[in-house]
Amino acid sequence: MLNDIFDSLFSSADAMTMGNYFICMLVSLALGALIAVCSMYKPTTRSRSLTVSLVLLPMIVQTIIALVNGQVGAGIAVAGAFSLVRFRSAPASARDITSIFLAMAVGLANGMGYIGIAVILTVVVLVVNFLLAALGFGGATQRERDLKIVIPESLNYTDAFDDLFRKYTSRHELLTVKTTNMGSLYKLSYHIVLKNPNREKEFIDAIRCRNGNLEIICSLSDLGGKDAI
């Protein structure tokens, strides 16, 4: 009996009836909601529009696949229609892109009748994501910082802060140098690893004395790839 259930779940329907369509649609909606809820777990930024889209996307993709299943002409027409759509939005993070691809894969599987594969894919991907997030896989350490310093053009930035970096950091790297204010100021961007995070203010105060009390920004590093699904 158990084998019969799995066989029916993993079998692709040649012709989707109205009853099968509603079953697949409800499964797509449920899995989309699950993906959306899990995407809100420790988000770097939370977008309501993205969350709603993740709920609806599997159902929409599933319907499109069901309509064009086995029809080459309809598939070409749909592809042409989608080629005319242009999305004007801010660049998405890796976390958002992965969630969108998962939602599309779920809709694709349901549209072809593979409800079991859609459920298993969703559960496996989300469980693996939670495990990686719990282990801190690929994340930046609490000692890593992005440091931005504004200096006057008269200050030689190549070795102006070397002694401070040796004293307060275990590693530092100059990423970018940018001129501003008609070339009278330089903006330096560093990636650093603090020896002791508790001495961060002392480190910034020492830099202030060196750069003429111009602007300094010290923020948590975004190079560690904190985006998870």
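Q: How is a helix or a strand defined here, and which elements follow along the sequence?

A: Helices are DSSP runs of H or I with at least four residues, and strands are runs of E with at least two, numbered from the N terminus. In this predicted model, the pattern along the sequence reads α-α-α-α-α-α-β-α-β-β-α-β. That comes to eight helices and four strands.

Q: How many of the residues are buried, and what does the word mean?

A: Buried means a relative accessible area under 20%, exposed means over 50%, and partly exposed lies in between. Of the 229 residues in the protein, 30% are buried. The protein exposes about 14200 Å², and carbon and sulfur atoms supply 63% of that area.

Q: What share of the contacts joins residues 24 or more positions apart?

A: A contact means heavy atoms within 4.5 Å. Among contacts with a separation of 6 or more, those between residues 24 or more positions apart account for 76%.

Q: Which residues of H5 are buried, and what covers them?

A: The buried ones are Arg95, Asp96, Ser99, Leu102, Ala103, Val106, Gly107, Ala109, Asn110 and Gly111. Their cover includes helices H2 (18–39), H3 (48–68) and H6 (115–135).

Q: Where does the nonpolar patch on the surface lie, and which helix gives the most to it?

A: The patch is formed by Leu29, Val52, Leu56 and Ile60, with about 290 Å² of accessible area together. H3 contributes the most, with three residues. Leu29 belongs to helix H2. Because its relative accessibility is 33%, Leu29 counts as partly exposed.

Q: Now strand E2. Is Thr169 buried or exposed, and what does it touch?

A: Thr169 is in E2, which runs over residues 169–180. With a relative accessible area of 4%, Thr169 is therefore buried. A polar atom of its side chain lies 2.5 Å from the backbone oxygen of Phe165. Not counting residues up to four places away in sequence, Thr169 touches Leu164, Ile192, Val193, Leu194, Lys195 and Phe203.

Q: Lys195 is in that list. Where is Lys195, and what does it touch?

A: Lys195 is found in the loop between E3 and helix H8 (200–210). Its relative accessibility is 45%, so Lys195 counts as partly exposed. Not counting residues up to four places away in sequence, it touches Arg143, Arg166, Lys167, Tyr168, Thr169 and Ser170. From C-alpha to C-alpha, Lys195 and Phe165 are 9.7 Å apart in space and 30 residues apart in sequence.

Q: What about Thr180: with which residues is it in contact?

A: Thr180 also lies in strand E2. Leaving aside neighbours within four places in sequence, its contacts are Leu185 and Lys187. At 25% relative accessibility, Thr180 is partly exposed.

Q: How far apart in sequence and in space are Ala133 and Tyr41?

A: The separation is 92 residues in sequence and 9.6 Å in space, taken from C-alpha to C-alpha. Ala133 is in helix H6, one of the elements that cover the buried residues of H5. Because its relative accessible area is 33%, Ala133 is partly exposed.

Conventions
Residues are numbered from 1 along each chain as its sequence is written. This is a predicted model: local features need pLDDT of at least 70, side-chain atom pairs count only at pLDDT 80 or more; totals for chains, interfaces and linings use all residues. Side-chain values use heavy atoms; hydrogens and water are left out. Buried means under 20% relative accessible area, exposed over 50%, partly exposed in between (1.4 Å probe, protein chains only). Patches are made of residues with over 30% relative accessible area and no salt bridge: like charges are joined within 9 Å, nonpolar side chains (Val, Leu, Ile, Met, Phe, Trp, Tyr) within 5 Å. Accessible areas come from the Shrake-Rupley method with a 1.4 Å probe; for residues, only the protein chains shown count as cover. A salt bridge is a side-chain nitrogen of Lys or Arg within 4 Å of a carboxyl oxygen of Asp or Glu. A polar contact is a pair of N or O atoms within 3.5 Å; within protein, one must be able to donate a hydrogen and the other to accept it, and residues adjacent in sequence count only if both atoms are side-chain atoms.
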